[in-house]
Amino acid sequence: MTEPCDLTLIEAALQLESARLSPVELIESALARLEQTESQLHAFVSVDAEGARSAARIAEAEIARGDYRGPLHGIPIAVKDIFDLKGVPTRCNSRVREHYPPAVEDAVSVAKTRSAGAIFIGKTVTQEFAAGVISDPARNPWDPTRIPGGSSGGSGASVASGSSLAAFGSDTGGSIRNPASINGIVGLKPTYGTVSKRGVFPLSWSLDTVGPLGKRVADVAHFYNAISGIDPLDTSSGTTRPTDATAEIGQDIRGLRIGVMRPFFFDRLQPDVASAVERAFSVFSELGALVIETPWDSAKTARAASFVINRVEAAEVHRDTIRSTPDLFAEELRLRLESNSLFPATGYLRALKARSVAKASMARLFADFNLDAVLAPASAGTAALANDLNTTYPDGSEEPVNLAYTRLTMPFNATGQPVVAVPCGFDRLGLPIGLQVVGRPFGEDRICRIAHAYEQAAGWIERKPALISG
Amino acid sequence: MPERKSSAGGYKAIDEEVIAILAKIEGLEFPTERLPAIAQRLRDMHELASELDSVDLTGSEPAIRFDPTWAKGGAA
């Protein structure tokens, strides 16, 4: 029998609206799953069970009297611990903020979900200040000896295991798409500037994006609709009204033109990843899309630009604390911040120029081929062992996960495009593999349509992590 | 068109002594025992950044304030 916490966000929402399911039942189910799995997953830094129960009772009464607010009403969600959640400290998994006081108000995006009736289960583990892909001590529900990716790793593990039905993540170099891929769920990195970042601790202000992780494309599309919008007080917020990401979901994809960027994105992959992604291309063709080879000659440039910008801006974000309390940083981030504090300004400006070149190149690619989207693997490898943080290739070579998990995602932080990461198979160990569907700026509606059509046809969404499937 | 000069390789000269000088300019204080690791990280960063040396950036404006919008017709 399906537990309420195993429903998708949209399935649960339909049942909640029609009173076939109570928010109290749903929250109790999510809390029970959290209780069952947390000793192995360590996905949460704090849990507010009583607060969630109280909110569920209120939501139950509201829905009963006809005040249903929409698809997030009564839904248990988790919040990455770089987002301000009123009354809870934002510690960013760092000793630097160990004694930081509770947040006095919600981040703008969190406040929007609160207004939409979402119920906060707790805050999830991130890599220190969202700068990496390991998210220790969180683990992967498909194999708890492995990492959940990151930096939104706790959010990914929580959604995949059912202790929340959706979660907040942030993506500067792949930190939504990577944990989505590694945990076998869906993640939406929105167009840069369409979701307010006020109240979210920055990693790299010109690359940072805020977005959802969920079990299905429709889940993240509805979540995105709830949190997106122009914020005049956020300097990175755009002036273009965000798209309704659900607008095209359910439409077929016959005749859509989808590009495959084979060089760079296929240069070094674990073989099971390569074959799963190739099989996915066939599904798109079978669905009637026109799959076209579209080499993008600026992919390497985009990745390098993204990397430099990310590292230099992070050094500036932490300029004061790396001087005042360097010992409080974990060694990996400390070294990164110390060394990149010495990187020359001209190198940073070259990266900003290269970013403009890469963005223009991607725009031309879409125009030249009249594309609706492009496809790429989400990660070069599947979930790595927590005690061996490398991705291994058939020739025996190894690549640190912080590179293997971001090499294929960072280019799209440079271009600022929206990307949905969607499950596209499993490796020989039963670990999930992800695919990126990349769209035009403000094209969340089109990529969600494409990813949804694939998700429904491919069938990977029926599998559940071993930890919860018994 | 003049041949573009590459800076490739210059970063390899970054050593503990260079780090100590740069740190002093930047107002950072690094314990001596940390200098080799910091030097290695900075060399790695320059090596990755050197991938941009071959990119023609003539006429391109730095994305100081990033705008994701594409102009009509696909041009950025």
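Start by selecting helices α10 (residues 299-317) and α13 (residues 345-369) of chain A, which pack at an angle of about 140 degrees with their axes 8 Å apart. α10(A) and α13(A) are therefore oblique to each other: angles under 35 degrees count as roughly parallel, over 145 as roughly antiparallel, 65 to 115 as roughly perpendicular and the rest as oblique. Axes here are lines fitted to C-alpha atoms, for helices over the stretch in contact, with angles from 0 to 180 degrees between N-to-C directions. Helices (H or I, at least four residues) and strands (E, at least two) are DSSP runs, numbered from the N terminus.

A word on the model: it is predicted, so local features need pLDDT of at least 70 and side-chain atom pairs count only at pLDDT 80 or more, while totals for chains, interfaces and linings use all residues. Residues are numbered from 1 along each chain as its sequence is written, and chains are lettered from A and ligands numbered from 1 in the order in which they are written.

Next, show side chains where α10(A) meets α13(A). The contact (C-beta atoms, placed from the backbone, within 7 Å) includes Ala305(A) and Val308(A) of α10(A), and Tyr348(A) and Arg355(A) of α13(A).

Now colour the strands. An open sheet of 11 strands runs β1-β3-β2-β4-β6-β5-β12-β13-β9-β7-β8 in chain A, with mixed pairing; two strands pair if DSSP finds at least two bridges between them. At the edges are β1 (44-47) and β8 (290-293) of chain A, each pairing on one side only. From one strand to the next, the twist averages 30 degrees.

Zoom in on β7 (residues 257-260) of chain A, which runs parallel to β8(A) and is joined to it by four bridges.

Move on to the loop between β3 and α5 of chain A, where you will find Pro137(A). Its peptide bond with Asp136(A) is cis, with omega about 10 degrees. Ser135(A) is in this loop too, with a positive phi near 60 degrees. Ser135(A) is buried, having 33 other C-beta atoms within 10 Å; the cut-offs are 20 or more for buried, 12 or fewer for exposed and partly exposed in between, with C-beta atoms placed from the backbone.

Finish at Asn370(A), in the loop between α13 and β9 (373-377) of chain A. Asn370(A) also has a positive phi, near 50 degrees, but is exposed, with 11 other C-beta atoms within 10 Å.

Definitions and conventions. Contact = placed C-beta atoms within 7 Å.
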